[in-house]
Amino acid sequence: MLEAKNVKKSFDGFRALKGIDFSVEKGDRVAVIGPSGSGKSTFLRCLNYLEKVDGGEIIIDGTRIVSEEKGKAVYIKEEEVRRATAKLGMVFQNFNLFPHLSVLENITIAPRCVLKREKAECEEQARELLNKVGLLSKAESYPGELSGGQQQRVAIARSLAMNPQILCFDEPTSALDPELTGEVLKVIKSLAEEDMTMVIVTHEMGFAREVAGKVVFMDDGEVVATGTPEEILLHPKEERIQAFLNKMLNI
């Protein structure tokens, strides 16, 4: 469903991604872990076309949106890129809800404006999604009236409203107090049980071990290792992974 080959990205001479290879099959639940500044969020943003790569290839559901020619990244037409990347949903660290719109309006605005669907249809779907994330009673509330955990659950519902084939999470609990983290992770676990294809950048090691079928460890703009949760989180061979886990677990 998704493949990246030798993806490179720099910012003002800093090499954030140094040639990333990555793939996702239908039904995969991939956890991307690693220290802060390792390139995890940048890579996710490149997959979603929120950042343009400098080189390499990205293929989404058979559509090669970018390739490398003579050392430079060459994208296909903008309209075709948007159509392909619409198959990827994105849940950000900081919710990114519109503060002046109600919860219901936040969820329905994209399906109405982008997919040109009818208001009644969008609102029906939005209420079903709010029920799924346990917030049906908050449909008419505004983001400022919700806790951080509730806002993130609304953000998940908003992303699901676009019917993505792959749902991407960029450290979805990093902006939350510990007591609010559990309610968001519970929603993500429920999506995993429904075989939703997901890519999750996270620092929640226990969650990654429980939910992911594949774990990718990144450091310094590179993929250091890919394997099962047991291989990467319980019995890592690479010293960089061992040092990271020791720090995370305060060993």
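**View 1. Helix α1 and the residue after it.** Y49 follows α1 and has a positive phi, near 65°. The model is predicted: local features need pLDDT of at least 70 and side-chain atom pairs count only at pLDDT 80 or more, while totals for chains, interfaces and linings use all residues. Residues are numbered from 1 along each chain as its sequence is written, and side-chain values use heavy atoms, with hydrogens and water left out. Helices (H or I, at least four residues) and strands (E, at least two) are DSSP runs numbered from the N terminus. Helix α1 spans residues 40–47 and is mostly covered, with seven of its eight residues buried (under 20% relative accessible area; exposed is over 50% and partly exposed in between, with a 1.4 Å probe and protein chains only). The buried positions are K40, S41, T42, F43, L44, C46 and L47.

**View 2. The largest nonpolar core.** A nonpolar core is a set of buried Ala, Val, Leu, Ile, Met, Phe, Trp, Tyr and Cys residues joined through side-chain atoms within 4.5 Å. The largest one holds 34 residues, and L130, I156, F169 and M198 have the most contacts inside it. At least two residues each come from α3, α4 (119–132), α5, β8 (166–170), α6 (178–193), β9 (197–201) and α7 (205–211). Helix α6 gives the most, seven residues. A second, separate core of 31 residues includes L47, V53, V66 and F92.

**View 3. Surroundings of F169.** Contact means heavy atoms within 4.5 Å. Not counting residues up to four places away in sequence, F169 touches L44, V91, I156, I188, L191, M198, V199, I200 and V201.

**View 4. The largest pocket.** On a 1 Å grid over the protein atoms alone, a pocket is an open set of points where a 1.4 Å probe fits, with protein on both sides within 12 Å along at least five of seven lines; lining residues have an atom within 4 Å of a point. About 750 Å³ of space lies in the largest pocket, the volume being the space filled by probe spheres set on the points, which are joined across faces, edges and corners. Of its 23 lining residues, A86, L88, M90, A110 and M162 are the closest to the centre. Two or more lining residues come from each of α2 (78–85), β7 (88–91), α3 (103–113) and α5 (148–160). By class, the lining has 13 nonpolar, six polar and four charged residues; Ala, Val, Leu, Ile, Met, Phe, Trp, Tyr, Cys and Pro count as nonpolar, Asp, Glu, Lys and Arg as charged, and the others, Gly among them, as polar.

**View 5. S159 in helix α5**. S159 counts as buried because its relative accessibility is 8%. Beyond residues up to four places away in sequence, S159 touches G89, M90, V91, P164 and L167.

**View 6. D28 in the loop between β2 (14–24) and β3 (29–33)**. A relative accessibility of 22% makes D28 partly exposed. D28 and T197 are 169 residues apart in sequence, but their C-alpha atoms are 5.1 Å apart in space. With neighbours within four places left aside, D28 is in contact with M196, T197, M198 and K214.

**View 7. I76 in the loop between β6 (72–75) and α2**. I76 is partly exposed, at 27% relative accessibility. Leaving aside neighbours within four places in sequence, I76 contacts T63, R64, I65 and V81.
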